[in-house]
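Student: I have a model open and want to talk through how its chains touch. Can we start there?
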Amino acid sequence: MHIEVRNLNKNFGDFHAVRDVSFEIEKGHLIGLLGPSGGGKTSILRMLAGLETPSSGDILFHGKRVNDLPPQERGIGFVFQNYALFKHMTVYDNIAFGLKVKKQSKEQIRERVMYLVELTGLKGFEHRYAHQLSGGQRQRVAFARALAPEPQLLLLDEPFAAIDAKIRTELRTWLKEMIERVGITSIFVTHDQEEAIEVADEIMIISKGRLEQKGSPWDIYKNPQTPFVAGFIGESTIVDNIGEFKGFEDAASSPGTKALIRPEYIEIGKPGEIKLASATLPGIVKHLHFRGSEWMVELLVGDTKLITYRSLEKEVLHPGDKVSVLVHRAYLFNDNDSWIAENTLKVDPMPIHI
Amino acid sequence: MLYFVILIILPIAGIYTQSFSLGWNPFWESISDPLAWKAVLLTIKLAVIATLINMFLGTMIGWVLIRYRFPGRRLLNSLVDLPFALPTAVGGLMILLLLGPNSFVGGLAGGMGIEIVFHEPAIVVAMLFVTFPFVIRAIQPLLEEMDKSEEEAAYTLGATRVKTFFSVIFPTMLPGILSGAMLAFSRGLAEFGAVVLVAGNIPGKTLIASVFIFGEIESNNPQGAAAVSVLLLTLSFLILWTVNLIQARRTGQ
Amino acid sequence: MMRRLWITLTYIVFALLLIAPLVKIFTGSWADGLNGFVEAITRPQSLHALMMTAIIVVVVTALNTIFGVMLALYLVRAEWISPRMKRLLNSLVDLPFAVSPVIGGLMIVLILGPNTVIGAMFEDAGFKIVYALPGMILATLFVTFPLMVREVMPVLQEIGAQQEEAASTLGAYSWYTFWKVTWPSIRWGVIYGVVLTVARSLGEFGAVLVVSGNIMNKTQTATTLVYQDVENFNVVAANGIALVLAAFSVGLLLLMEWAKKRKEVH
């Protein structure tokens with residue numbers, strides 16, 4: 001289903017939960033709504049489902065305005081955060097509920113339910129009740145129940161929040177595969193960036209009710225358009241005095257400019273280890289943390305603390321060691337603007353030094 | 001512990017032994033006295049009617065008080081407990097005054113040929129009054145606990161409001177309705193104070209079991225009183241036991 | 001639309017079943033003017049009956065509170081009772097709820113009445129139980145018994161024994177532990193239980209009627225006086241007493257609400 005949202009707003013009393021959100025979703029895409037808790041993601045999802053009425057703005061399915069359609073008539077499937085399985089019904093009756101509402105024949109219902117039970121790997125559990133299932137199984141039931149009436153849009157509210165960290169990864173892959181197989185347009189809400197990056201075709205970052213950026217995970221990582229997005233995706237350190245860093249002197253020309261530097265933008269080495277010596281800064285190793293597959297290194301450059309990773313293959317560093325620090329690029333921002341800056345010295349090394 | 005035994009176990013054991021103290025035959029005679037079993041049957045019948053009305057009213061009021069916000073809601077919610085706080089004899093008197101032949105309602109009903117006070121309707125009203133809070137108080141926690149998303153799930157699956165109520169909400173309330181109704185029924189069976197004032201106590205017609213027992217005691221026939229008591233007690237115990245079972249099953253889940 | 005309908009219906013039920021009777025009692029007792037009301041409650045038998053009720057309420061509430069809390073503590077914490085046995089005792093506590101008050105009264109007459117062994121023994125010692133105050137207190141104790149235990153037990157079960165154990169490892173002895181650790185958490189449950197007990201003992205009728213014999217100026221309580229007045233077609237007088245009782249009940253109802261709220265907070 002093709003979905004369009006125009007200038008959506010939602011107020012809860014004085015609280016402006018969703019501000020002027022507009023976007024379009026292509027048929028068949030899997031979208032992740034990502035952002036901090038309480039940022040308005042769930043409100044957007046619930047308005048799409050018709051469980052909440054927008055304060056203003058339009059929601060269009062297939063180009064038709066559905067604002068006034070009750071949830072019963074929108075043709076959507078909704079997977080709730082805590083699954084909201086009907087406690088007094090078996091797995092079978094839960095999945096069959098939406099079909100019974102549609103007054104399908106017993107035969108049809110049976111066939112569809114058994115197909116979904118098989119698809120979701122719940123065979124043999126049809127006659128259990130919700131309290132007799134594990135968290136992962138409950139999620140599968142909720143998924144099968146939502147899919148049973150063949151909705152055109154699947155909405156999932158924090159689908160993995162109530163599941164153990166261990167099986168969460170497993171379930172993510174499973175859900176992505178399932179949705180691809182069924183080929184249904186889906187939107188899921190999450191506050192976990194790893195989850196969004198791994199599962200979604202496209203991510204929408206929501207903060208304080210605003211849509212900050214929409215794009216593929218790679219796009220968002222590479223080209224964050226607002227400081228919030230840059231800070232929210234990936235790891236980073238904020239540097240206030242970026243103008244004093246070698247290669248970023250230009251930044252000092254516009255006062256108040258700060259930089260956001262990711263660990264992977266930083267390279268460190270013992271003196272002489274880095275070729276472009278002119279672009280480096282002197283630093284001191286403060287702490288080392290073994291992270292299983294690499295070292296996490298805490299550095300001090302002047303008074304500024306930076307974080308980077310170092311391969312286990314390279315020479316082992318010790319706290320107190322003097323190192324050269326090369327900052328490849330930084331995400332710069334001030335009150336008016338934000339842009340990505342490459343290290344100027346790295347691109348154009350000074351000839352005098354040779 | 002001793003306190004417990006003396007106060008509770010001993011009296012109950014006492015009444016069972018007393019009713020059988022003269023052997024099986026006198027017990028049987030007391031029970032098979034038509035006035036006795038008519039009183040017991042009448043009590044059951046009227047308690048059932050009162051309970052059914054209570055189930056309906058209680059479900060409705062419990063629902064309204066939890067789900068809707070409207071002026072006066074908190075006041076009404078506190079008033080629910082009034083029958084528990086009010087002496088039952090006062091309750092009986094209130095009903096007598098309100099529905100008696102000299103009152104407006106009583107006069108109106110009398111004009112239509114329906115007599116309320118000293119007849120069955122008054123007994124039902126009295127039972128209704130004293131058992132009023134049971135069903136409401138039993139379903140309120142269930143409704144409060146209930147997850148709103150279960151309801152929403154039903155809506156997104158296409159169920160109408162009515163369908164959602166009957167297939168999702170009602171089954172959640174059902175254990176509460178049933179255990180509340182059981183308690184109300186057993187209280188209805190046992191009620192004395194409110195009923196004795198309004199019932200008229202005509203043997204075989206409006207004489208209910210607890211009043212019959214009282215009459216037997218007054219006319220110095222403790223053995224007969226004990227026999228009917230045993231009958232009523234056993235019934236009440238069975239009900240109490242069932243309620244415990246229902247609750248144990250719920251918490252077990 | 002449905003919402004409106006249900007709310008209206010609720011109001012109607014409340015008005016008919018609860019509010020109208022309350023108003024009626026009020027207007028009824030003023031039927032003969034203020035003098036009628038004052039006269040009704042200042043009759044010697046009224047004053048005596050109200051005093052009897054007051055004595056019963058005070059004695060029963062005190063006994064039931066002390067023993068109820070002790071029993072609840074015992075049932076929850078005693079280790080020598082097996083879980084099975086505890087469950088059985090637990091359901092036995094509810095028994096008085098299932099027993100008609102008349103039957104409760106009858107039990108006491110049967111066991112302690114003047115014609116029984118025990119009753120005769122006490123009578124010889126010059127101590128009357130049935131048709132006297134001790135019997136009435138016993139009967140009221142019987143019907144109010146579960147109220148306190150039922151309020152305190154769940155709270156005790158919920159807080160568990162860990163806090164108490166913690167206190168004892170810190171060197172506190174049992175009295176100190178009870179007052180400083182256990183009591184603060186069960187306090188509101190106990191207060192709620194007290195309010196319920198007062199309400200019930202104030203209003204107890206069936207059991208007391210059977211046990212007391214309802215002798216005017218001797219064993220008559222407020223509720224049994226109401227009954228007698230009605231039987232004697234002295235409705236205005238009955239109303240006067242009933243109004244006093246009803247006023248107390250409404251006060252108790254307010255207390256109940258208050259205690260319930262505090263109980264939830266703690």
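Student: How many residues does the contact take from chain B and from chain A?
Tutor: 16 from chain B and 18 from chain A, where contact means C-beta atoms, placed from the backbone, within 7 Å. This is a predicted model: local features need pLDDT of at least 70, side-chain atom pairs count only at pLDDT 80 or more, and totals for chains, interfaces and linings use all residues. Residues are numbered from 1 along each chain as its sequence is written, with chains lettered from A and ligands numbered from 1 in the order in which they are written.

Student: Which helix gives the largest share of chain B's side there?
Tutor: α9(B), with six residues. Helices here are DSSP runs (H or I, at least four residues), numbered from the N terminus.

Student: And how does that side divide by class?
Tutor: Six nonpolar, six polar and four charged. Ala, Val, Leu, Ile, Met, Phe, Trp, Tyr, Cys and Pro count as nonpolar, Asp, Glu, Lys and Arg as charged, and the others, Gly among them, as polar.

Student: Now chain C. How many residues of chain B are in contact with it?
Tutor: 58, against 57 residues of chain C. Helix α13 (residues 222–252) of chain B gives the most to chain B's side, eleven residues. That side has 47 nonpolar, ten polar and one charged.

Conventions:
Contact = placed C-beta atoms within 7 Å. Helix = DSSP H or I, 4+ residues; strand = E, 2+ residues; numbered from the N terminus.
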